[in-house]
Amino acid sequence: MPVFLTADWRYLALLNYAVDPSLLAHLVPRGTELDEFDGMTYMSLVGFRFERARVRGIWIPFHSDFDEVNLRFYIRRTVAGEVRRGVVFVREIVPRWAIARVAQVCFGEKYVALPMTHKVIEPTSEGGRLQTEYRWRHGGKWSAIRAESSGRPALPPIESREAFFIEHYWGYAADPNGGTSEYRVEHDRWRIWPVAQATFEGDMSELYGAPLAACLKRTPDSVVVAEGSAVAVHSGQKI
């Protein structure tokens with residue numbers, strides 16, 4: 001399929017939670033199945049910077065650089081012996097209505113537009129401290145993802161748990177008629193930083209439902225802070 005969107009995804013903070021697969025079973029699109037790492041099912045609360053976005057090569061003023069926060073989980077689909085490892089988004093948050101609407105129409109994704117802010121403090125030297133913060137307001141209250149890292153970024157081992165969370169190159173979305181949309185995401189492998197600490201603050205019950213929101217109140221089972229890269233998102237197709 002042709003490339004629909006190009007952008008840079010930068011400074012990704014992934015807070016990862018092991019969950020009972022029954023909490024996600026009703027969200028798994030038809031034709032796919034839940035993916036696992038070491039027998040565990042995970043979902044991730046992710047914040048990152050979306051920069052230099054182009055839709056079919058066209059720059060859209062005031063809509064090219066923005067924040068995104070999403071809750072996602074991991075699935076796989078086998079096609080002619082090829083295992084396609086992908087993600088499903090429970091809900092994605094962006095700051096502008098037009099961005100949310102394009103994603104809803106073109107990919108069937110569950111985007112919502114909310115007020116958002118971010119703060120990224122880059123290292124002043126190689127191996128220095130990196131601080132990332134992504135905030136959004138819903139129901140008059142602010143929520144936030146914060147992560148602090150230090151050291152030199154490096155590629156994680158391909159079979160590691162850290163790689164599991166960032167080495168997925170397909171997106172899947174269930175449509176209202178019971179079908180499934182599939183789209184490919186291309187990017188280089190991402191380097192990650194050693195994480196010193198990370199927190200989530202907020203109540204996401206209205207956006208994600210009470211059972212999933214309750215999981216986010218726990219300390220994450222894993223945290224990954226990734227450098228990111230240029231990405232290319234291909235147009236979706238029904239499967």
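Visitor: How many aromatic pairs does a search of the whole structure find?
Guide: The search turns up 13 aromatic pairs. Rings of Phe, Tyr and Trp (its six-membered ring) pair if their centres lie within 6.5 Å; planes under 30 degrees apart are stacked, over 60 edge-to-face, and the rest tilted.

Visitor: How do Phe50 and Phe66 pair up?
Guide: Phe50 and Phe66 are stacked, 4.6 Å centre to centre with 20 degrees between the planes. This pair links distant parts of the chain, with Phe50 in strand E3 (residues 41–55) and Phe66 in strand E4 (residues 66–79), 16 residues apart. Strands (at least two residues) and helices (H or I, at least four) are DSSP runs numbered from the N terminus.

Visitor: What kind of model is this, by the way?
Guide: It's a predicted model: local features need pLDDT of at least 70, side-chain atom pairs count only at pLDDT 80 or more, and totals for chains, interfaces and linings use all residues. Residues are numbered from 1 along each chain as its sequence is written, and side-chain values use heavy atoms, leaving out hydrogens and water.

Visitor: Back to Phe50 and Phe66: buried or exposed?
Guide: Both Phe50 and Phe66 are buried, meaning under 20% relative accessible area, where exposed is over 50% and partly exposed is in between (1.4 Å probe, protein chains only).

Visitor: Which residues do ring pairs link into a cluster?
Guide: That cluster holds Trp9, Phe48, Phe50, Phe66 and Trp190.

Visitor: New topic: what sits over the ring of Trp142?
Guide: The charged end of Arg135 does, 4.5 Å from the ring's centre. The cut-offs are NZ of Lys or CZ of Arg within 6 Å of the ring centre and within 35 degrees of the ring normal.
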